[in-house]
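Please look through the sequence and the 3D structure shown here before reading on.

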Amino acid sequence: TGAIKTMRTNVVGRGLKLKSVIDRECLKLSEEEARSLESTIEREFNLWAESQECDLERIDNFYELQQLAFINWLISGDVIVTMPTTKRLNMPYDLRINLIEADRLSNPAGKEYDLNIIGGVETNEMGEVVAYHISKHHPLAWNSKEIGWTRVPAYGAKTGRRNVLHIMNRERIGQRRGVPFLAPVIEALKQ
C-alpha cells in the first residue's frame, strides 16, 4: 500500500491541469485577444474539473479521479473509463467521467471460450478492438441479482467518438489486458 501510494503521489501529484495555448495566428487574434480567450477556456474547464459534477458518481473532482485511476491501474493492471453525457442542474457541461474497476471487465457467461472476446475485450477478425464487456456487478460482490454484462462499443456508431478509455500498459503484441504493477514480485512475497 505504501509503495502504491508513494507512486501515486510522485507520478500524479495534483493531477493534469489545463494550460490553454491557442494558435492565435490561425485564428487571426491579437495577443491580447488570445490571452483573454485562453483565460476563458481555462476558467470554463475548471468550472467542470474542480466540481464533483464531472464524476458520474458525484464523489470526486477531475484531479481526484486521476489519482484513483492511477492507483487502480497499479493494483489491477488496467482501468476502464467511460465518458457518458448526462444533464445536471447548475452544471452547463454534460460530460461525466465513469471509472470502472478492471475486475468487472470479463467475458459474458457462455462466452468464456469465444476467441474474439478475451478478458472482456472484443476484437474483430483483424484484431481491432470493437467492444468491451462490463459486468453489472463486481464478480466478488454478494448480490442477490443475477449477474449480467453490458456490451459497450469501443467507438460511437454515429460520431466515431471513443466510448471507452482502456488505461493499460502493453508489454506484448496482441495483449488485451494490463499486468498489475506488483505482479513481478508477488511470488517473492509469497515465499
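## Aromatic rings

Phe45 counts as partly exposed, because its relative accessibility is 23%, where buried means under 20% relative accessible area, exposed means over 50% and partly exposed lies in between, as found with a 1.4 Å probe on protein chains only. The model is predicted, so local features need a pLDDT of at least 70 and side-chain atom pairs count only at pLDDT 80 or more, whereas totals for chains, interfaces and linings use all residues. Residues are numbered from 1 along each chain as its sequence is written, and side-chain values use heavy atoms, with hydrogens and water left out.

A pair of aromatic rings is described by the distance of the centres and the angle of the planes. Here the rings of Phe, Tyr and Trp (for Trp, its six-membered ring) pair if their centres lie within 6.5 Å, and the planes count as stacked under 30 degrees apart, as edge-to-face over 60 and as tilted for the rest. Across the whole structure, a search finds five aromatic pairs. One of them is the tilted pair of Phe45 and Trp48, with 5.8 Å from centre to centre and 50° between the planes. Phe45 and Trp48 are three residues apart in helix α3 (residues 31–49), and therefore about one helical turn separates them; helices (H or I, at least four residues) and strands (E, at least two) are DSSP runs, numbered from the N terminus.

## From helix α3 to helix α4

Trp48 counts as buried, with a relative accessibility of 6%. The ring of Trp48 also pairs with that of Phe62, and this pair is tilted because the centres are 5.4 Å apart and the planes stand at 45°. Since Trp48 lies in helix α3 and Phe62 in helix α4 (residues 62–76), the pair ties together parts that are 14 residues apart in sequence.

Phe45, Trp48, Phe62 and Tyr63 form one aromatic cluster. Lys17 lies over the face of Tyr63, at 4.1 Å from the ring centre; a charge sits over a ring if NZ of Lys or CZ of Arg is within 6 Å of the ring centre and within 35 degrees of the ring normal.

## An open sheet

Strands of a sheet pair through backbone hydrogen bonds, either parallel or antiparallel. In this model, an open sheet of four strands has the order β3-β4-β5-β6, with antiparallel pairing, and two strands pair if DSSP finds at least two bridges between them. Because β3 (117–118) and β6 (149–153) stand at the edges with a single partner strand each, one side of each has no neighbour in the sheet.

Two bridges join β3 to the antiparallel strand β4 (residues 121–123), and the bridge partner of Ile117 in β4 is Glu122.

## Thr123 in strand β4

Thr123 has its place in strand β4 and is buried, with a relative accessible area of 5%. Leaving out residues up to four places away in sequence, Thr123 touches Asn116, Glu128, Val129, Val130 and Arg176, where contact means heavy atoms within 4.5 Å. The side chains of Thr123 and Arg176 are also joined by a polar contact of 3.0 Å. A polar contact is a pair of N or O atoms within 3.5 Å; within protein, one must be able to donate a hydrogen and the other to accept it, and residues adjacent in sequence count only if both atoms are side-chain atoms.
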